[in-house]
Every structure is written in structure tokens, then in C-alpha cells.
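Open your viewer and get ready to pick out some residues. Each stop says what to select and what is there.

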Amino acid sequence: MTNNVKCIKCGNEFSLLISGKPMCLRCSRDEIIHRVKRNLVRSGVDLRNSSLTILSPEFYSGVGEILANLIRKVCEPCNVSLRKEVITGEPDINSTIHELVVKVLESENRYFVFPLTADFYLAYLIYSSTRSLNGAYLNLYGLRVNVGEKTVLNLLYNTPYTELRGFSELTPRLITGDSLFDSILSWSHDRFPDNEVFHTFSPSVEELTRLFPRCRRCGAIISAGDYCKACEVDLSLVQ
Ligand SMILES: [Zn+2]
Ligand SMILES: [Zn+2]
């Protein structure tokens with residue numbers, strides 16, 4: 001980008017690309033707020049007097065915080081009660097997601113928000129196909145997904161972490177602690193700096209996950225049987 005590129009919305013100094021469009025920091029934040037609002041409406045969940053739990057692994061707690069502020073902002077008259085919960089997470093990304101899912105299953109609440117971003121899901125798709133689809137949680141991708149009887153909203157499923165740079169409270173890079181996953185994530189950021197791919201890779205994921213049997217408890221992809229390995233351990237089906 002050359003120095004004479006300006007924010008497409010207000011003409012101020014260009015800072016980052018939002019789905020390929022140059023924007024200043026302030027307009028990029030407005031765009032994200034707008035997207036979260038649109039996703040809340042599209043999810044069809046009636047937030048009036050409802051209670052939502054924003055459930056984050058520790059490495060996403062900053063995004064969870066931003067989402068809490070945005071939901072309050074876009075839904076001021078809704079009287080929504082927001083709870084934030086952070087889990088420590090594991091060095092292995094599938095174990096971390098398993099922990100999130102079990103938290104949802106065991107909670108008394110009905111509605112949850114995950115802070116996972118579009119780039120996370122793209123990296124996760126590549127990670128799962130290089131490593132193993134067994135035990136993978138590709139079923140979680142989408143704006144509104146069911147986990148058991150519960151509803152999970154991924155309000156940032158179409159927004160990569162790199163488009164949240166306008167929120168100064170975030171660290172510049174997302175580091176999960178799973179080294180293979182982190183290297184794929186960082187490769188995808190270097191490879192797709194205009195962020196456009198993060199908005200377009202999605203339609204096949206749902207089709208893909210439909211092809212495989214899934215764990216009866218947590219929904220992870222399995223090759224045979226009723227439960228994934230992690231649930232077999234949780235349920236003490238194996239020693
Ligand atoms: Zn601007
Ligand atoms: Zn399972």
C-alpha cells in the first residue's frame with residue numbers, strides 16, 4: 001500500500017484492510033460493531049431479558065471482553081444479562097475446544113457466545129486435515145450452532161482476528177500454545193494479508209462435516225462407535 005491510500009469511509013489515514021477495503025482505525029471498529037449487530041439479528045436469538053455466557057479460552061479472553069462491550073452497545077434496551085467465563089485451555093487445540101464444549105453441555109444456561117474468529121476456523125480446518133479429522137470440531141463453524149440442547153453463537157465467525165486491530169486492547173498476534181496450530185495461523189495471516197479469504201472459505205465446511213459420524217456427546221468427528229476418545233475418557237468408558 002502506498003502512502004496516499006485513504007480510508008474508504010472518511011478519507012482519514014489508512015490503517016488496515018477490512019475485507020480488502022482500506023479503513024482507518026475508527027471506521028474499522030464501526031464496521032466490526034455493525035457486523036456483530038448484523039450477526040446478532042441474523043442468528044434469530046431474541047436477546048430481550050435473556051442471559052448469554054461468553055465463554056473464552058484464555059488466549060481469546062481479550063476478544064471475549066470486546067464482544068461483551070459490543071453486545072451491550074448494540075443491544076442497549078435488551079436488558080441482556082452477560083456472563084463472561086474464561087477457561088485456561090490445554091496445549092492441544094482439540095483438548096481446549098473439547099473443554100469449551102463440555103462446559104457448554106454441563107452449564108444450566110442455554111445461550112453461549114464463542115469468541116473464535118474466522119482465521120481461527122480456517123487454520124483449524126487446515127490443522128484438522130493435516131493431523132486427523134478424528135476428534136475435530138469442524139461442526140462448530142457457523143454463526144449459530146447447536147451443542148447438545150444448547151445454542152452457541154460465533155459472532156465473529158466471518159471476522160478474522162487481524163481485522164480487530166482497531167481495538168487497541170488486543171495483543172497483535174493470537175497465540176494458542178499449540179505450536180502446529182499457531183504456525184498454520186501465522187502462515188495464513190502472512191499469506192492472506194488482505195483478509196478476504198477469511199470471508200469466503202466457509203460454504204464447504206458444513207458439507208464436509210455432514211459426511212462423518214459424530215460423537216453423541218460433544219459432536220466431534222469420529223471414525224466409528226458412539227463417542228470420541230476424549231468423551232470416552234470423561235465418561236470413564238475406558239481406563
Ligand atoms: Zn475512516
Ligand atoms: Zn465427544
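Below is a short walk through a helix, a hairpin and the cores.

A word on conventions: this is a predicted model, in which local features need pLDDT of at least 70, side-chain atom pairs count only at pLDDT 80 or more, and totals for chains, interfaces and linings use all residues. Residues are numbered from 1 along each chain as its sequence is written, while chains are lettered from A and ligands numbered from 1 in the order in which they are written.

Start with helix H5, residues 179-191 (helices, H or I, at least four residues, and strands, E, at least two, are DSSP runs numbered from the N terminus). Select Phe181, Ile184, Leu185 and Ser188, which are buried (20 or more other C-beta atoms within 10 Å of the residue's own; exposed means 12 or fewer, partly exposed in between, with C-beta atoms placed from the backbone). Look down the axis of H5: the buried residues fall within an arc of 100° (taken from the directions from the helix axis to the C-beta atoms), so they line one face. Turned away from that side are the exposed Ser179, Ser183, Trp187 and Asp190.

Next, select strands E6 (144-147) and E7 (150-153), which run antiparallel and are joined by four bridges (pairing takes at least two DSSP bridges). Asn146 stands opposite Thr151, and Gly148 in this hairpin has a positive phi near 60°.

Finish at the largest nonpolar core, with 56 residues (buried Ala, Val, Leu, Ile, Met, Phe, Trp, Tyr and Cys joined through C-beta atoms within 7 Å). Helix H4, residues 118-130, gives the most to this core, seven residues.

How values were computed
Expected span 1.5 Å × (residues − 1).
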